[in-house]
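Look at the model first, then read on.

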Amino acid sequence: MSITKKITCIFVIFATVLSLSACDMPIKIIGSIPEPRDTVTGFFDSVCAGDFKKSDKYLSGMSLSMKKDIEGHFASKLYDYLVKSYAYQINGDVVSSQLDAECKVDFTYLDLNLLSDDLKARSTQLGKRYIAENKEGYVEEKDGAINLTDSGAEKIAEEALDDLMKNSEKYCSTKTFDITLKYSGGKWLISLTDELFEAISGGFDLDAQ
């Protein structure tokens with residue numbers, strides 16, 4: 001066979017491969033792709049452990065690294081209670097089609113919207129009591145009046161929070177979210193919705209704060 005004929009045969013074979021239908025090709029690719037369910041469980045396991053640096057590795061173009069923004073004893077305590085409240089369950093199967101996948105997840109979290117009014121009421125109650133008692137370490141006298149110090153107010157908020165968290169399930173919400181994934185760069189990545197991000201943040205729309 002001449003070189004010209006060999007080259008022609010190669011082009012014919014190459015053209016035949018390219019002519020395979022679009023539905024045939026992904027079947028061969030999908031066989032080597034990891035299960036998208038592993039990404040979903042890996043992401044939510046990391047979230048529930050408070051390891052947001054690790055959970056970011058499962059996300060497409062977003063970050064959950066919230067702890068760097070936490071300042072003060074009260075905020076740190078609230079953050080810890082928030083993480084401890086997390087729980088999840090994959091609702092049904094993780095269904096994949098070509099390079100896309102989706103599922104539903106039930107996610108439980110400490111809902112700061114439910115907590116807010118009771119926390120304010122309990123803190124006010126403690127504040128009034130400690131002012132009446134002139135409690136050392138919480139109040140100061142200035143211009144003939146006894147008021148809470150800034151550190152005293154923060155300690156009161158912490159005490160109020162600890163008290164309310166004895167019945168923490170009262171302040172938890174569970175919502176169902178659609179989780180979508182795309183296969184890119186050799187791995188499945190989750191597209192994080194605003195709704196899920198807000199739930200992980202305790203129910204607040206952080207951009208609106």
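A residue counts as buried when its relative accessible area is under 20%. In this predicted model, Trp 188 has a relative accessibility of 3%, so Trp 188 is buried. Tyr 86 and Phe 107 are both buried as well.

**Aromatic rings**

There are eight aromatic pairs in the structure. Two of them are listed here.

| Pair | Distance between centres | Angle between planes | Type |
|---|---|---|---|
| Tyr 86 and Phe 107 | 5.3 Å | 35° | tilted |
| Tyr 183 and Trp 188 | 5.4 Å | 65° | edge-to-face |

The pair of Tyr 86 and Phe 107 joins distant parts of the chain, 21 residues apart. Tyr 86 lies in the loop between helix H5 (73-85) and strand E1 (87-97), while Phe 107 belongs to strand E2 (residues 100-110). These two residues are also members of one aromatic cluster, together with Phe 43, Phe 44, Tyr 88 and Tyr 109.

Two lysines lie over tyrosine rings. The charged end of Lys 84 is 5.9 Å from the ring centre of Tyr 81, and Lys 135 is 5.0 Å from the ring centre of Tyr 130.

**The sheet**

An open sheet is built from four strands in the order E1-E2-E5-E6, with antiparallel pairing. E1 and strand E6 (187-191) are the edge strands, each pairing on one side only. Strand E5 (residues 172-184) pairs with E6 over five bridges, and Thr 180 stands opposite Ser 191 in E6.

Helix H3 (residues 36-48) packs on this sheet and touches E1, E2, E5 and E6. H5 also packs on the sheet, where H5 touches E1, E2 and E5.

Definitions and conventions
Residues are numbered from 1 along each chain as its sequence is written. This is a predicted model: local features need pLDDT of at least 70, side-chain atom pairs count only at pLDDT 80 or more; totals for chains, interfaces and linings use all residues. Side-chain values use heavy atoms; hydrogens and water are left out. Rings of Phe, Tyr and Trp (its six-membered ring) pair if their centres lie within 6.5 Å; planes under 30 degrees apart count as stacked, over 60 as edge-to-face and the rest as tilted. Helices (H or I, at least four residues) and strands (E, at least two) are DSSP runs, numbered from the N terminus. Buried means under 20% relative accessible area, exposed over 50%, partly exposed in between (1.4 Å probe, protein chains only). A charge sits over a ring if NZ of Lys or CZ of Arg is within 6 Å of the ring centre and within 35 degrees of the ring normal. Two strands pair if DSSP finds at least two bridges between them. Contact means heavy atoms within 4.5 Å. Axes are lines fitted to C-alpha atoms, for helices over the stretch in contact, and angles run from 0 to 180 degrees between N-to-C directions.
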